[in-house]
Amino acid sequence: MMSEISIPPKLVPLTSLQQTEDDELLVRATQLQADLTQRRSVRHFSNRVVPNAIIDACLRVAVSAPSGANRQPWHFVVVQDPKIKRLIRLAAEAEEHTFYHERAPKDWLQALAPLGTDDQKPFLDEASHLIVIFAQPHGFGPDGDRLRHYYVQESVGIATGMLISVLHQTGLASLTHTPSPMNFLNTILERPPHERPFLILAVGHPASDAMVPDIERKSFHDVVTYLT
Ligand SMILES: Cc1cc2nc3c(=O)[nH]c(=O)nc-3n(C[C@H](O)[C@H](O)[C@H](O)COP(=O)(O)O)c2cc1C
């Protein structure tokens with residue numbers, strides 16, 4: 001016979017949202033739209049150091065993200081040490097060299113061409129911080145037993161999106177970087193084998209002469225459907 005474990009949920013009042021008039025909500029949404037739609041991936045950073053307290057505040061937003069069954073299947077490693085940043089850059093450039101010159105299919109290289117990216121990754125040295133995000137396909141319970149995680153990619157993606165947004169709203173630049181494969185990050189950062197590198201977020205102040213690719217977005221109506 002299957003045993004049924006039923007723990008009654010503990011509920012507390014929601015206190016974080018007050019009833020607000022639609023006019024005010026529209027003002028807020030429009031202001032956020034004006035700011036957040038200016039976000040760009042930045043590949044040229046200045047040498048201005050970001051205090052850890054600012055990174056910390058932004059990460060506290062990321063780790064408050066929703067996650068499948070509230071398993072919070074992530075770990076964030078903050079790298080400021082120039083020696084470790086250099087190790088990451090060298091390993092990433094080695095992988096990217098093979099990618100750009102041997103492994104990448106032609107259509108992928110064509111898709112990347114408008115961005116002007118190549119196998120050189122100076123931003124991994126130059127950015128004030130590298131936040132390396134790991135996903136945990138499973139965790140461990142209090143007795144060390146394997147604990148299943150649910151919707152891991154979705155959960156870590158949402159947390160990362162919240163982090164990118166709060167960094168931008170704070171006034172910092174970031175770049176999502178995904179060298180492939182990324183297992184070297186477990187070795188350099190001494191993370192356990194059950195954690196999978198998800199991506200590297202380079203974070204800092206943009207260089208005063210930073211340039212970004214002139215890209216276009218799909219039209220809003222091509223990507224949004226209302227059924228009213
Ligand atoms: C999952 C993901 C992986 C990415 N990987 C890289 C990368 O390895 N190197 C890079 O220069 N940009 C990378 N980017 C940034 C994209 O190229 C960029 O988001 C896209 O061109 C749109 O530009 P924007 O972010 O400035 O709006 C990545 C973005 C995402 C979401």
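**Figure 1. Burial and overall layout of the protein.** Of the 228 residues of the protein, 23% count as buried, a residue being buried if 20 or more other C-beta atoms, placed from the backbone, lie within 10 Å of its own. The model is predicted: local features need pLDDT of at least 70, side-chain atom pairs count only at pLDDT 80 or more, and totals for chains, interfaces and linings use all residues. Residues are numbered from 1 along each chain as its sequence is written. The C-alpha trace spans about 55 × 50 × 40 Å along its principal axes. The protein has eight helices and six strands, taken as DSSP runs numbered from the N terminus (helices: H or I, at least four residues; strands: E, at least two). Their pattern along the sequence is α-α-β-α-α-α-β-β-β-α-β-α-β-α.

**Figure 2. The four-stranded sheet.** An open sheet with antiparallel pairing runs in the order S1-S2-S6-S5; two strands pair if DSSP finds at least two bridges between them. Strand S1 (74-79) and strand S5 (173-177) are the edge strands, each pairing on one side only. From one strand to the next, the twist averages 20 degrees, with axes as lines fitted to C-alpha atoms and angles running from 0 to 180 degrees between N-to-C directions.

**Figure 3. Strands S5 and S6.** Five bridges join S5 and strand S6 (residues 196-204) in the antiparallel sense. Leu-175 stands opposite Ala-202 in S6, and His-177 has Ile-200 in S6 as its bridge partner. Four of the five residues of S5 are buried.

**Figure 4. The largest nonpolar core.** This core has 35 residues, and those with the most contacts inside it are Leu-130, Val-132, Ile-133, Ala-202 and Val-203. A nonpolar core is a set of buried Ala, Val, Leu, Ile, Met, Phe, Trp, Tyr and Cys residues joined through C-beta atoms within 7 Å. Elements that each supply at least two of its residues include helix H3 (82-103), strand S2 (129-135), helix H6 (152-170), S5 and S6. Not counting residues up to four places away in sequence, Ile-133 touches Trp-74, Phe-76, Val-156, Thr-160, Phe-198, Leu-199 and Leu-201; contact requires C-beta atoms, placed from the backbone, within 7 Å.

Note on methods. A residue is buried if 20 or more other C-beta atoms lie within 10 Å of its own, exposed if 12 or fewer, and partly exposed in between; C-beta atoms are placed from the backbone. Two residues are in contact if their C-beta atoms, placed from the backbone, lie within 7 Å.
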